[in-house]
Amino acid sequence: MNYINKLYKSLFVLGVVFCFSSCEKEEIIITANEYHNAIDKLTEVMVHDIFSPPVASRIYNYPNIAAYEIISQGNDNYKTLSKRLHGLEAIPSVDTTKNINLRVAAIVAYLEVGKQLVFSEDKVEVYRDSLYNSWKAINKNSFDNSKKYGLEVAEHVKKWVATDNYAQTRTMPKFSIDTENPSRWQPTPPDYMDGIEPHWREIRPSVIDSSSQFTPSKHPDFSLEKDSPFYKELLETYTVGVTIKEEGETSEKLEIAQFWDCNPYVSTHRGHLMFATKKITPGAHWIGICKIACKKDKLDFENTVYAYTHTSIAIADAFISCWDEKYRSNLIRPETLINQHIDENWEPVLQTPPFPEYTSGHSVVSGAASKVLTQIFGDNFEFNDNTEVKYGLPIRSFVSFDKAAEEAAISRLYGGIHYRAAIDLGLEQGRELGSFVIGKLQIKKN
Amino acid sequence: MLSLFSCDDYQEKGGLFDKVDSRITKVTFQNIVESTEDLNILDYLYFYNGAGVAVGDINNDDLVDVFFTSNLHKNKLYLNKGNFEFEDITSKAGVAGNSDWNTGTTMADVNGDGFLDIYVCAVVGIQGLDGKNELFINNRDGTFTEKASQYGLDFDNYSSAAAFFDYDNDGDLDMYLLNHAIHTQKSFGKANIRNNRNFESGDKLLRNDGEKFVDISEQAGIYGGVNGYGLGVATADFNNDGYTDLYISNDFHEDDYYYLNNGDGTFKEVLKEKFGHTSRFSMGSDVADINHDGFMDIMTLDMIPENEKTLKASVGDETIDMLEMRINRLGYHYQYARNMLQVNQGGDFFSETALLSGVAESDWSWSALFADYDNDGEQDVFISNGIPKRPNDLDYIKYISNDKIKDKLTKTKLVDNEALDIMPSGAVQNYIFQGSKNIRFKNQSAHWLPQDSIISTGSAYADFDNDGDIDLVTNNINTPATFYKNKINQNSNYLKLKFAYKKPNIFGLGTKVISYHQGIPQYKQLYVTKGFQSSSEAMIHFGYGKAETVDSLKIIWPDNTIQIAENIKTNQTLTIKVLHKRATANYTKLFPKQKPWFRRVDSIPGLDYEHKENNYVDFNRQKLIPYKISDRGPATAVGDLNNDGKEDIFFGSSKNEPSQIYFQTSSGFKLQKVEVLEIEKRNEDVDAVIEDFNKDGKKDLLIASSGGEYFGRSKELIDRLYLASDSGLIEAQFPELYEHESVIKPFDVDNDGDLDLFIGGYTVSNNFGAIPNSYILINNQGEFTVKENKELQKIGMVTDAIWTDFDGDRIKDLIVVGEWMRPSFFKNKNGTLFNVTSQISKDTSNNGLWQSIEEFDIDNDGDYDYLLGNFGLNTKFKASVNFPLKMFYSDFDNNQKTETVLAIAKNKKYYTILGLDDLSNQLNFLRKKFTTYASFAGKTVEEVFDKKMLDKAILLEVHQLASGYLKNEQGKFTFIPFEDELQIAPITTMLKNDFNKDGEQEVFMAGNYFGVTPYHGRFDGFVGAIVGKNNMRVFGNRLGVDLSKKAVITANIVNFGDKDYVMVTINNGKVEVYELY
């Protein structure tokens, strides 16, 4: 009996010693990879829950800002975004007397804010809990403090998020289709879905002054006169589609169109059988390119958070700007017009997404994101884009972010879902917006 | 005796049918359908549609034999040995078939030798499926020889079924070949692509030219386009003109086809004209005269489940925008996903009553078979249903399929069985509905049938054991075929009729029989292809309950000759031989038409008003409200507005259209521009009154402006009073009322010699569920002031009112009716109105969606009863005193705007009407609460919302949806519902007059309403009716009006040229004028 007691005691002592040493001395090591993984996790949940491109851009934006604000607490290189993003107040400052791992706190805040923005919270929770458990095992004290701080910041950011008018836009009127005016947008095959996010312009932007600050110049006037600029653009989209069909599987234009499809919900019907092919959004694709660049340049954790945050702010504002124009011009899609007036059997290479045509969202977003990425990583940054491999698409190589953006933009023409004006002027709109965001923020010192 | 015992042991019992075990039947056949990499639901959209069954006596031994098709394997022929024992004679008979994919089958005597042949359809040409449609000609010795090519019937296309009938009355059987498309179009093409013939998927009409059948589809006017998804074919003489017509069910967005036989070898397709709406995913069908009116009614099946768990996890209805696009831009007809029961209105058109009749929902349904299964003289209907996998499961579509199917599809074009396994199974109980004396059916599935969970597709009926009642057989997917033995036996009486008609149609297909017993007619026509991919026994069966004698049978042969048999004992099988001497059938005598009451006149000259409703979708703004509130115009008022002694007509138009006055001249009506009305054209005018309000001897005009688009203090909502003057109408002072009103009723309340007003408030725009204000306005020399009356002011969502002396004190009182409220009685005491409803109404819970009221002594006892128009019973709304329709009204999402959540009771529990997508479109928080559809489906409204949230909400209720009347018994009122014919749609207007000049007044009623979502469909089936005293009724086509498919707002008497006309105004339609006979 005595012997056993003794054994227990010695075991207990051993245990305490072990814990003591690990709690006090072992640091929770967080690398940029952990941040990449958290971003990927949120992307995965977004794909599952099916968020439209503008909503997805918002879901990328706020968690990154929360994380960024935390790392800026401990690093003079990064200026706080408070007071410089509309309505964002300074986050609670970090208590330096406590053992707080800001990288851990950043990921805690990222996941906490992200969780609130998606539907399937459980999927984020499972991921979060496994991270929490591994960190707790390494250094409970540090983890507890960091988690507490991360959650505090998350609460702060969530309050800010709650004032961006998103909740109000959920309950605003459904988009009313104008069936009288032939130039107005009509729902498109195969699902003929309602126009999505008709009130996205009401969302508070992060940096730009208002949703209409970068209103593009007008698209060619709607006309079905054969020699009108509008009709010529319509015919171009039609002809390119026909050419691609003729070229078949080997068409490079086809590959480009598919590569940049970035449609979160492509619906397929086989009689009563229906299913969705789900992919990432245009914003998510550029977040993916940001990841590639971060990894190629072997950026550390802080720089990685910075790069994602800057990029996602530009993307989110780009969507607000673009959606403002979409529901202002309310322009009909080429598929509708072509089926009505040129060829009733013509189908675009890509499925037409459910919102008005002008300007092209992918063009605006690519313009904005490429500007920011060029600012961070420099011009002529070569990269192999494997973002879409997970979704069954090949790798494409680019010599610069600019070139990638141009290809993303023109892909919409190849895809048969846009006219040229939406691409050219959309790219311009995005680039101007991107430059403005860079100039206004100047968030990284030196 | 012994065998009977063992028989019982093996039977799974139901109340009316027992399932006969295969150990007794010796029928082991099952339609085995298993996915392979080369052939599955991804390759062939109808992979799970199952196969058919044809029954008939192939060896003329008076025992009905059975032939099953197998999709992927060999077909089977079983010879009936008696006592439900069968023998597999397939190989000896040589009918196993050679096609890779078999579908429908029919037994018919194609070569006219008195022996049944077998036709088998095939799907050929997709995924390497080989074969052709086969025709097995009976060699009269138990063997068959395949001779399809000899007869020109060896089609290698995508066939569903074939129906044999004599389309040109030349004495032989022609054939309609029902085919289906196999592709899924990404976009709806225009409807008119059905005009372009396509060999593989287009239907075909084949004329029997003796030795060979000839394709005459095109010249006969039969569609055969790439859009035909033919799943059902029904043959009958729908308009009783002696020629057989066709009803074709098409799946998906293609309309069903209704072909009327022109009698000259051609058909005319007139579905849109004759039907208000049809099933959307139309599958099998059957026809029967369910209401004893001598005209064949039609049932088409769809795939809507009753079960909440399945319903809310499945793809819901399309959006209004999508429906409108299909209708208005692409040229399709209204289609809604549910079973439809189309009640034939004297051969002229059809009214759809499935919701009222209780047969709208029976899950994924294939085959409908009408028959009198319980021998009570009323038609019942059996429905086979089930699907191996539910491909429209929302979780599967949105969340599960992606990972499982995507890669396979894009890369290898193969489907993973694992992916299919995850799709929920749709093996369910078959349905049977018991018919009744009216047009209602009772769901007897749980009582009459043994409980089961199988997938039954093709089905057929026959009297397999020759005991006089009707048995059933179903072809099942992956389980043995089911034989349902009917055990009503001779507890109830019957007649079974077979026919010996002229060669080559010896079985007499197309023969009609009218049976009369105890003054009750029953009407049937002999055709065998019915249900789905199947054919039933070539006999006509009547049930008679306890009646032992049939007074007469009128047999109308296919050549339209007639012979009559009288005083026939029931409970026997008769073979009726065609007599040598026969009279010619006179259809107008056999199915006499009464003289109609009204006759449509093109128009009174110049009276050409057409109301145009502006395209405003209330649901875009208030996404969850139960119906529109902005489509209740036009206002109509008849009266002399220019003091020339002739009645003029005011029409109040919708937003952006000026209201109009048609002035009467001696030669007709003349539309004159009225400046003051042009200015106010943004107003939506819903009611108006022409009366002399300022007692200057000239009639003035008062207009109620309304419309759901305007809200708050929009000036477009202000009512306007125009006083008549020598220089025309001049706008006068009137209290600024911003209410969204429905009705103005003038009356001298204070007995001071001028007209005061009741103005009823309908809703609060943008805040549906709130109670608007209703007012009494007192007239003081043409100036109106509101007289305070708190109880009346908030009485409810008012739709109509009447000044009437309900208490016999010779002073007119006020009754107000409306939606989500009870008829409310206000007693007029010296000019003040007191609510006395609870004292004089015997019904404590009588909230309705009341639409109209009229005083009328319906029971002829000398006092006024009150006729009430309600929403009707032909709706998915359900309401009763114990289980009212509920509407929770609250700001559920805290956005400072209110929402309404509607719930109906099913099995004593309340469920939201809307599904997760619709609800969360407004109430976004539900998306987080329910991340899958399965987690939402089957949840009660209390589970979907917190109890707290519901407790906070204001609850509005409806206890009664039936139209009816308040019976006056010594000043106390009891509600009595009308018969079913008056419950088909909302009754929105009532007009009292002596229409037939018999010195007694009658009430003309009309209605219909379309301002609902595709979930409800369209309430379009009410033709109009006359209600007189002592149960005098005139319904449907006998009236001489067809107001079905039209949303009637008002009916007025207009006097022109010393003659009274009935003028009907219609929302979004042209005014119609009828003269009285």
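1. How many helices and strands does chain A have? In this predicted model, chain A has 15 helices and 4 strands.

2. On overall dimensions, the radius of gyration of chain A is 24 Å, which agrees with the value near 22 Å that a compact globule of 446 residues would have. Along the principal axes, the C-alpha atoms of chain A fill a box of roughly 100 × 45 × 45 Å.

3. On the interior of chain A, 54% of its 446 residues count as buried. Among contacts in chain A with a separation of 6 or more, 80% are accounted for by residues 24 or more positions apart.

4. On helix packing, helix H2 (residues 32-49) and helix H10 (residues 282-296), both of chain A, have axes 11 Å apart and pack at an angle of about 165°. Because angles over 145 degrees count as roughly antiparallel, H2(A) is described as roughly antiparallel to H10(A). The crossing in which H2(A) passes H10(A) is left-handed.

5. The residues that make this helix contact are Ala32(A), His36(A), Ile39(A) and Thr43(A) from H2(A), with Ala284(A), Ile287(A), Lys291(A) and Cys294(A) from H10(A). By class, the contact of H2(A) with H10(A) comprises 5 nonpolar, 2 polar and 1 charged residues.

6. Between the chains, 32 residues of chain A are in contact with 38 residues of chain B. On the side of chain B that touches chain A, at least two residues each are supplied by helix H8 (320-329), helix H10 (394-412), helix H14 (618-621) and helix H19 (925-929) of chain B. H10(B) gives the largest share of that side, 10 residues. The side of chain B that touches chain A divides into 12 nonpolar, 14 polar and 12 charged residues.

Key. Residues numbered from 1 in each chain as written. Chains lettered and ligands numbered in written order. Predicted model: local features only at pLDDT ≥ 70, side-chain atom pairs only at ≥ 80, totals over all residues. Axes fitted to C-alpha atoms, helices over the stretch in contact; angles between N-to-C directions. Parallel < 35°, antiparallel > 145°, perpendicular 65-115°, else oblique. Left-handed = near helix turned anticlockwise from the far one by under 90°. Contact = placed C-beta atoms within 7 Å. Nonpolar A, V, L, I, M, F, W, Y, C, P; charged D, E, K, R; others polar. Rg over C-alpha atoms; globule rule 2.2 N^0.38 Å. Buried ≥ 20, exposed ≤ 12 C-beta atoms within 10 Å, placed from the backbone.
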